[in-house]
Amino acid sequence: MGRSRKPSEFAIEALIKASGWSAVVFVLLIFLFLLREGLPTFAEVKLGSLFGLRWYPIEGHFGLVPLVWGSIIVTLGAALIAVPLGVAAALFIAEVAPRWLRELLKPLVEVLAGLPSVVLGFLGVIALAPLVRTSLGVPTGLTTLTGSILLALMALPTIVSVAEDALDAVPKSFRVGSLALGATRWQTIWRTTLPAARSGVLTATMLGIGRAIGETMAVMMVTGNAPQLLLAPRALWSPSRSMTATIAAEMGEVAKGSTHYHVLFTVGLVLFLISFGVNIAASSMLFKSRGGGGRMLS
Amino acid sequence: MLVRFPICAGRALLATLAAATIAACGGAPGGAASGRSSAITDIGSDTIVNLALAWAEAYAKVQPAVRISVTGGGSGTGINSLINGSADIANASRRMTAGEVAAAKEHGISPREVVVARDAIAVIVHKSNPVSRLTIEQLAAIFSGRIDNWSEVGGEDRPIVRLSREVNSGTHVYFLEAVLRGGRKGDKTLFSADTLLLPSSEGVIAETTDNPNAIGYDGLGYVTPDVKVIAVSGDGGKTFVLPSAASVTDRTYPIARDLYMYVREGAPPQVRGYIDWILSPEAQRLVQSLGFVPIH
């Protein structure tokens, strides 16, 4: 076999292999670079200070806790909005909508993914923030919740499209069998189709969350960027500051090689590890069951 | 919203096409200079950026051979660019710190400081806010979080929403030192942790315009008629002064500061020529028209 292969075939195969491995190499290089620039932090700043509750870098307060908390709470808020909405939309598109509507809805949802986040952020500042302030009666509309709503809008297309693919991949015999046993259409969707596509729907959720946690621009524009630590429900309608917004706002300013510079890379490192974890969780779910998730990258 | 695009002199209207513009400027056809480039890179403070743009545009008529590209980004950005050699002029709304001067020396650059204009920092609130005057001490108490409700300074029973620029902004640092710490060395007062740090001057204006609870500060040049300017007292409440060119020049308005351009010693002649022109009466007239205060 090996001898009969043409050189061109060999070259193409090598090229494809190289492109595959290059992704791994890039991620590794990025990680190493983050480590190189971020690790000096641990020599320059006391560990206790990094776990402090105050972020005010120009005065040497490098507490990462409010930033991590800000990112978590804004992402959780987005997940709470986007997951039920996204799964419901996917169910509607895959199971309920007639074919013509389905062909219309899928691309429409994906248009949402194409909107630049700065446009959403601008809409957030102009329209959503005042609405949040007046309807909730909170002191300012630049809150975590405003950011969560925008992030949910951005995570929705991923969730809908991946979950819809997973639902679509459930064999028709499952539905037919369920209906034949006397289940109603709703019972079939809720008790048969959705559980069968569970791993794909979970993957969709994780990918959506992964998209949300790394988003920067819209979050920076509407969350108010106040690095404060508040308990869960109240934190939602108060301003907060995410890790991504912190890096974006401060990176242009710091002197290369300064402590502040190194700490920002440590923030990047934490962010990298979190999104890495989310992605690992997503793909482990994907591999656990081959049902439905195969078209994850569609 | 962000004034962070690289903008080429004379083409400010095309700011949104920044990337294309800068490329077009780089190889501008009809540029008088052939061979050796006579471009000046001017980076720094967002407070100064509009003024720097106006200067660059006017200078294009005085010295058409010299091209000046102006970029915002914040005082720290400009100073860092000067230190690492990517800018000829750093605009700064604060002085360089000792650490920054040392870093520049390490790179073989000794920075020269030029005061190019003065600026009043206006304290602004929503138009409907009945409060119209505050002392420096009250402002310090508000922004450091000791006062949380407008009723404590004679307003309605409303929570106070504090707005500030990002910590990298020269305006933020100046406000911290001059107001929150009252100019006292060694004072460790910080902004309250729930202060909203907005990424641009326009962001501060937009939220103040919209939110009746808000209080913010901004360079006088940025203030629009949609917000209310507070009269400030620097002598414990005896006299309250509104920010204006006159009250900055006669030093009665307490929150005013110098605006700087930093160049390196031994800068090319066209840079020195440009700085000399900026200090001329002709260039200083532009300062006034943009809401800043001329140096003489």
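Predicted model: local features only at pLDDT ≥ 70, side-chain atom pairs only at ≥ 80, totals over all residues.
Residues are numbered from 1 along each chain as its sequence is written, chains are lettered from A, and side-chain values use heavy atoms, with hydrogens and water left out.

Let us begin at the interface. Chain B brings 33 residues to the contact and chain A brings 30, where contact means heavy atoms within 4.5 Å. Together the two chains bury about 2,400 Å², with 57% of it on carbon and sulfur atoms; buried area is the accessible area (1.4 Å probe) lost when two parts are put together, summed over both.

Charged partners also meet here: 4 salt bridges cross the interface, each being a side-chain nitrogen of Lys or Arg within 4 Å of a carboxyl oxygen of Asp or Glu. One of them joins Glu59(A) to Lys188(B), whose closest N and O atoms are 3.9 Å apart.

Now step inside chain A to Ser148(A), which sits in helix α7 (residues 144-168); a helix here is a DSSP run of H or I with at least four residues. Ser148(A) has a relative accessible area of 0%, so it counts as buried (under 20%, 1.4 Å probe, protein chains only). Beyond its neighbours within four places in sequence, Ser148(A) touches Ile73(A), Val74(A), Gly77(A), Ala78(A), Ile81(A) and Leu236(A).

Key
Helix = DSSP H or I, 4+ residues; strand = E, 2+ residues; numbered from the N terminus. Buried < 20%, exposed > 50% of the residue type's maximum accessible area, 1.4 Å probe, protein only.
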